[in-house]
Amino acid sequence: MLRERIQASNYSFLDKLRSVDYLLILLIIAIGSISIFAIYSTEGGKFSFYTKNHIIRLSVFFSLFLVLSFVRVSTWYKNAYLFYIVGLILLITVLFFGISASGAKRWINLYFINLQPSELMKIAVIICFARYYHRIQSSDIQSYKFIIQPIILLIIPCYLVIQQPDLGTSILIAGSGIAIIWLAGLNIKYFVYSGLLLLVSLPFAISILKPYQKSRILTFFNPDRDPLGAGYQIIQSKIAIGSGGFFGKGFLKGTQSYLEFLPEKHTDFIFTLFSEEFGFIGSIILLLLYILLIYRIINVGLVSRSFFAKLYCFGFATAIFLYVFVNIAMVLGMLPIVGAPLPIMSYGGSSLLSIMLGLSIVMSCKIYNQEQISVY
Amino acid sequence: MLNRGRNIEKGRVITRRMFILAAAKILLFAGISSRLYNLQISDREKYEILSDKNRIREWKTPPQRGIIVDSFNKVLASNDRVFQLHLILDEITDFDVTIFKIKNIIGLDQFQIKKLYKKKERLKPWDTLVVSDNLTWEQFSKINLYLHELEGAKPVLSTSRYYPYANDLVHIVGYVGDASPKDLEKPEIKENFVPGLKVGKYGIENSQEKMLIGNYGIKRYEVNASGKRISQIDYIKERQGKKVNLTIDIEIQKYAQELLNGKAGSICAMDIYTGEVVAMASSPTYDPNKFTHGINQKDWREIRNNPLKPLINKSIAGLYSPGSTFKPLVALAALEYGILDPNKTIRCKGHKHPYELYGVKYHCWKKEGHGYMKLRNAIKQSCDIYFYEMARLLGVDKLSIIAKRYGLGTNVLGDLYNDEKNGLVPDTKWKRRALEQSWYLGETVINGIGQGYIQTTPLQLCLMTAQIANGGYKIKPHIIKNDTINYNDIINKIKLDQSNFPLHERNYLDDINIEYYQRMYHKKSNINFVLDAMFGSTNEQYGTSYRSRYDDPKYQFAGKTGTSQVRRITDLDRELDLDTEQIEYKKRDHALYVAFAPYKDPRYAISVIIEHGGSGSKTAAPLASKLIKRIIDRHKLREQFNNGNTSLA
């Protein structure tokens, strides 16, 4: 029976439905609903532009997620490199035809949506690496050929994204890529060496940063350096979160955001607004929802048979973790402000699209978890 | 099979590494949670305060200044309606354009515009700039007409200090102006200050700041990040300053000021029992209303450069030799110490045979001499020779004790006026200390006619006269009404004490600290002698102020003239014997007069000083005479009003 199911590439629809991870869907719906309330609050309790757009995007991309969840995992596998190449092409397109906003060139105008290819690249790198390491024998992983290749694969998109400039996304892409290299089993010493190398080259790296990036990093170490300029965001964000207290100021009562002290409140600082209004308890609940989400994704990886699925799920879980961690740590003043959205919560089509896309691949791994993908 | 084993191995590696990663994730999430705990629970209070600081901004609203009234409750300093133009800075997109438009509408000059730019630099972007705090009605209506074109402009109806009796009171009430950094150091101003608030600069306005300033109100607004007011949260209403009630009678004050018109000098009038200062005029004077909104250069120069020095409050800050007005006190001292029998006769032989002491000659003012004089006549006719001899016998130290006792040599009104002078009553100790010289007998001699080192203010002379006139009782002069004391009781007590004498005679001469409303004399007969001599001086032929007398007992007064030399009289002067008009103004004598009225049952004392006015009998006494009539005419009214019948005012 089991044998049959493994070999039978045609699962019955009922089987598929049975394999769906409903808890994962529930978590997505939960975080999505919270995000609607949060975006609604950023508009001062008015049902207008951002809220409407966010709801539309959520429903469209959630539907897309549901549909794409039934795409076979082997299809994702087959198209992994294609995905990566399309991502690269889009990134290069941005370089030449991108739309600029506040000093950065990150978007392509697709008429119905301003697409941010760097967001898609986050997923593309993970799926591409998952496929790459799926085939490689553990004994070969330590060879130079298989070390250099993924590094090149990683450096190209990171370089392109830094050029936009978008340090935050670039770091997140690199982070998820490195996570998969780690998962694949590369010797720890390489990580230690490159970590040391990074530390040594840090002064050099800082010297080539853009002035605004430098000031952000300096500000991170001392927000009071320029309280009305670069330090403003961190200071105001900390005030908002701190003043929220245990129970928060209440829904629609966050004075820091309502009175416009908070910058970028629907995008990067959405957590700040949420935390101000719902307090410590709300923040911890939201954090737990993300932890559960990550746990469920890891769980899919654990029950999957193929390395591709495992690597993808673990990699994607790490990526989600990184997004959440970097964003929250940033608004709490633990990391420099680098511009990283909070998955699902933050307003922004491309980010939401890539997360939903990533989740649909996870779901397809779950539904087709017994599917074997040829190693050769 | 080999492959399979490898695959299992690879799967294990992936899973193991995943768990290591998961552990790291948990750690990092724990880090975030503890950070959240720190911010939201440990430091919550700190951030709550910061959040409130962000969103709540306070605006202080200025209080109205307390009013100042005279003893009949007539308003001497009020708060008048003024038209102002304010600019709300955060509503203005282009400051230059707005100022240009305003300039064209109300007509500002280059200097004023520069000042506005300077002022703006000191303000915060959400503050209000006061463009003008005193617009004319015409300017104000024009602004209202063009208001739609002026971003951020706000025509405001406000109040500002107004002095209805302007020039007549400036030396008493003072004036207000913008607070200087020094003013802001005073605690009463520091605590209650609001930008733009005017503070007292001189006089009652200055010394009674604590009463007058009031308490500011607070308007709390919720503001957004750009400082725009969203809603009012709280409004604590401002409280007007308290009323200050003066003892001045504005009618008398006005008249006194009128009498001094065109002259430099002072007139003081005082209730001899209560010590209430009824009038305290100083001339020339100036308009305090000009200071409220900042005096312009031209007016300021005019006041500063006036040779008669309007800025000096001559009643308390002008120092004069008392001249012959000091003689009654010298006589009193001599009698009290038993130095001299009032029947002692001394011959005044005129300028040819002056009084001589160790080869120095001391002349009487009367060229021909007074002839044989007894004490009463010497006071009445103001014979200098008699007083030279009496002072010599008395000695300066005893004289100084009595002079100080009767109010000379110390400031009269306490700390009400920061420019009030103490004057100087010299004695041997003082000279040794201050000048490091020993005292010469010759100095005692001229001290006897109120010349030499002795320096008094007009108000001190008035107090001296009052304390002799009330029968020798110590009073407490004041200019702010004191409701805690029942003056009728005090008057009755003093009068009773007067009539009971000599039942409890005491040797007061060693008594240093005499309490208020207690007798200061040793023998009542001595006081009476002096009062009688002063009566003679005014109401008998040959008396120095005989020409200014009233025969009607209702107005009849007694006084003493004085002529105070501003320089040493030379033999040449004596030879020339010029009339006052023929002498250069600066070298003319000061004319003085002190008096009390009515003679029977006196109630008021008065002192008059006309700088460089010539002789006291010609210049000062006639003014005193006129004022005394006015004071006595108003006495009944004052009495009734003070006894609670306020409807009369």
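In chain B, three strands form an open sheet in the order β1-β8-β9 with antiparallel pairing, where two strands count as paired if DSSP finds at least two bridges between them, and where helices (H or I, at least four residues) and strands (E, at least two) are DSSP runs numbered from the N terminus. This is a predicted model, in which local features need pLDDT of at least 70 and side-chain atom pairs count only at pLDDT 80 or more, while totals for chains, interfaces and linings use all residues. Residues are numbered from 1 along each chain as its sequence is written, chains are lettered from A and ligands numbered from 1 in the order in which they are written, and side-chain values use heavy atoms, with hydrogens and water left out.

**The sheet of chain B**

- The edge strands are β1 (56–61) and β9 (229–236) of chain B, each of which pairs on one side only, and the twist from one strand to the next averages 25°.
- Strand β8 (residues 217–223) of chain B runs antiparallel to β9(B) and is joined to β9(B) by 6 bridges; E222(B) stands opposite S231(B) in β9(B).
- Helix α2 (residues 44–55) of chain B packs on this sheet and touches β1, β8 and β9 of chain B, its direction making about 55° with that of β1(B); contact here means heavy atoms within 4.5 Å, and angles run from 0 to 180 degrees between N-to-C directions, with axes being lines fitted to C-alpha atoms, for helices over the stretch in contact.

**Domains of chain B**

- The domain assignment of chain B gives domain 1 (58–245) and domain 2 (319–622), the bounds coming from an automatic or database domain assignment.
- The centres of domain 1 of chain B and domain 2 of chain B, taken over C-alpha atoms, are separated by 49 Å, and 11 residues of domain 1 are in contact with 8 residues of domain 2.
- About 800 Å² is buried between domain 1 and domain 2 of chain B, with carbon and sulfur atoms giving 54% of that area; buried area is the accessible area (1.4 Å probe) that two parts lose on being put together, summed over both.
- On the domain 1 side, Y202(B), I204(B) and N245(B) lose the most area to domain 2 of chain B, together 48% of what that side buries.

**Backbone features of chain B**

- The peptide bond from S283(B) to P284(B) is cis, with omega near -5°, and P284(B) lies in the loop between β12 (277–283) and α11 (289–292) of chain B.
- The peptide bond from A597(B) to P598(B) is also cis, with omega near -15°, and P598(B) lies in the loop between β18 (590–597) and β19 (604–610) of chain B.
- Although Y517(B) is not a glycine, its phi is positive, at about 65°; Y517(B) is found in the loop between α21 (487–500) and α22 (524–539) of chain B.

**The sheet of chain A**

- In chain A, 3 strands form an open sheet in the order β1-β2-β3, with antiparallel pairing; β1 (99–101) and β3 (114–115) stand at the edges with a single partner strand each, so one side of each is left without a neighbour in the sheet.
- β1(A) is joined by 3 bridges to strand β2 (residues 104–109) of chain A, the two running antiparallel, and I99(A) stands opposite W107(A) in β2(A).
- Helix α6 (residues 80–97) of chain A packs on the sheet, touching β1, β2 and β3 of chain A, and its direction makes about 110° with that of β2(A).
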